[in-house]
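Hello,

Here is the structure I promised to pass on to you.

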Amino acid sequence: MKDSSEAYCLGIESTADDFGVGIVTLNGKILANASSDYVPEEGGIHPREAARHHAEVADTVLQEALTKAGIKPRDLTLIAFSQGPGLGPCLRTGATVARALAAYLNLPLVGVNHSIAHIEIGKLTTGAADPVTLYVSGGNTIVSAFDSGRYRVFGETLDIALGNCLDVFAREAGLKHKKGMPLGAALEKLAANGKQLIPMPYVVKGMDLSLSGLLTAATTLLRKGECKLEDLCYSLQEHAFSMVTEVTERALAHTEKREVLLTGGVAANKRLQSMLSTIAEEHGARFHVVPREFATDNGAMIAWTGVLAYKHGIVTPVEESFVKLRWRLDKVDVPWVK
Amino acid sequence: MGEVASKTLIKKGAEASLYLADWHCRKVIIKTRFPKKYRPVELDEKIRSYRTMHEPLLMHEAKKAGVSTPTIFLVYPKNATIIMEFIEGTQVKQLLGSMPKKERQELCVKIGELIGKLHKHGVIHGDLTTSNMLMNAEGKIFLVDFGLGEKSAELEARGVDLHLMKRALQSTHYQFAQECFEGVLRGYSAVLGEEEAKEVIAKIVEIERRGRYVSERKEEQ
């Protein structure tokens, strides 16, 4: 094998609305992290339309990443791709690109679990070693921590994901998803000007939580039109974030770990960051938050997790490279974590 | 708070702090839900006072159902504090791993019976984990931490309660989570009756399918 600072892994991410290509060295230096996100005209992600977008931009994003990293395809050592969980058509598009590249360049292929990649990129970029991780995005709300060979799930949503809850409300409120300005960011801005806390459902069950009732209550109040939008955004955020913070604190007390890591798209929210940093401090734990660029879905996290797996002898033969739409993170052995 | 002679912090949990104290010549646990700085004051006060008022009521109901819980001595809603009996025992969490298989299974069946008794009486525990179960020297099991519980006989509530038990076993006792949970269900069915238990078990499956990314859902389609 080449010196690991000169050996490169290219990772492809395509589980939902982002098509991303990242390039990292085998010793964990991120050289490129290019992406293009599909922005629906209205409503949420249409899986087929998103997949069409991914297919259209694939070669441009690939080229952009290679140029940024200053390498040629022939310099690569390894191809990693997001094998699941996610939306079928989107995953298949990314997997197809990955297989084609690996076959053409005659390189090993590694299928990566997207949720684990969010944790690993958080650890790489923040230096966290063994954290309790809160992973919150449009599709996932999971509290997990490592124990004996796997990341274990301590708590998760019983219904919808945190990002989904916020996005649906934002869309109902007429906020628009723009390039570089996700719905969550628009909501956060409004919430910052909210003053009055409107009572809403707060549902924590053990270390699990339920957000669907909160979303229904918030949208019902919105349609009635009697509350200020800023106050509604504020109240929705406060309730939802308090719930995820409470379950994270429970997992932290239960596992007695010394670090808390916040990762996934919603990690960019400053209010959520401040809540989690409060509980970390209270339990004498260090708080880490993934940098914004690596909070949303990205190719670098796939590349890096591919490297970790590959270094432990894990490769994915083409005949086993089919996508896994509902691949839970607690089903994956992670021999690289000690 | 009356005569509190000595007071030692024995557990700083996420939800509350537990102190072992000497109170009127009695060993007691003082459980205080301190304010949570991360959430807005009005929300925090509502949650803490609700749980402090609610927990003793549910513990009392649990006793009526034939499930042992610490005796409540005093409740101070204002500072979210409960004074209750100190149970000299060990958390089931610490026992489960070091037990011979047969004993472990018997214990799980016993736990299932207790959950069955609660549910039959319309009590939902709300946070069933092996940390919230204490076993004393005589092998008697006490359930604690009813703060997230509720009075309900609904199938949904029962299903979520058992789902949480399963989740706790999977995350903390993954080596034998399956055999343990099967034991729990055996005990549960014995108390609640096969028919009713079957409905709850079917509900657990439904609840888990509702969550994201569960393989069974795909197989079903």
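**Salt bridges and the network**

A network of salt bridges links A:Glu246, A:Arg250, B:Glu15, B:Lys31, B:Arg33, B:Arg39, B:Asp44, B:Arg48, B:Arg51, B:Glu55, B:Asp127 and B:Asp145. By salt bridge I mean a side-chain nitrogen of Lys or Arg within 4 Å of a carboxyl oxygen of Asp or Glu. Over all chains, the structure holds 33 of them.

Before going further, please note that this is a predicted model, in which local features need pLDDT of at least 70 and side-chain atom pairs count only at pLDDT 80 or more, while totals for chains, interfaces and linings use all residues. Residues are numbered from 1 along each chain as its sequence is written, chains are lettered from A and ligands numbered from 1 in the order in which they are written, and side-chain values use heavy atoms, with hydrogens and water left out.

Some individual salt bridges deserve a mention. B:Lys36 pairs with A:Glu249, with 3.0 Å between the closest N and O atoms. B:Lys36 sits in the loop between β3 (26-32) and α1 of chain B, and A:Glu249 in helix α7 (residues 229-255) of chain A, so this pair joins two chains. Helices (H or I, at least four residues) and strands (E, at least two) are DSSP runs, numbered from the N terminus. B:Lys36 and A:Glu249 are both buried; here buried means under 20% relative accessible area, exposed over 50%, and partly exposed in between (1.4 Å probe, protein chains only).

Within chain A, the side chains of A:Asp330 and A:Arg328 form a salt bridge at 3.2 Å, N to O, and both residues are buried. Within chain B, B:Lys151 forms one with B:Glu61, at 3.4 Å between the closest N and O atoms. That pair links distant parts of the chain, 90 residues apart: B:Lys151 is in strand β10 (residues 150-151) and B:Glu61 in helix α1 of chain B. B:Glu61 counts as buried because its relative accessibility is 16%.

**Where the two chains meet**

B:Cys108 is in no disulfide, and the nearest cysteine sulfur, that of B:Cys180, is 3.4 Å away. B:Cys108 counts as buried at 2% relative accessibility, whereas B:Cys25 counts as exposed at 82%.

Do write back with any questions.

Best wishes

Technical notes
Disulfide = S-S within 2.5 Å.
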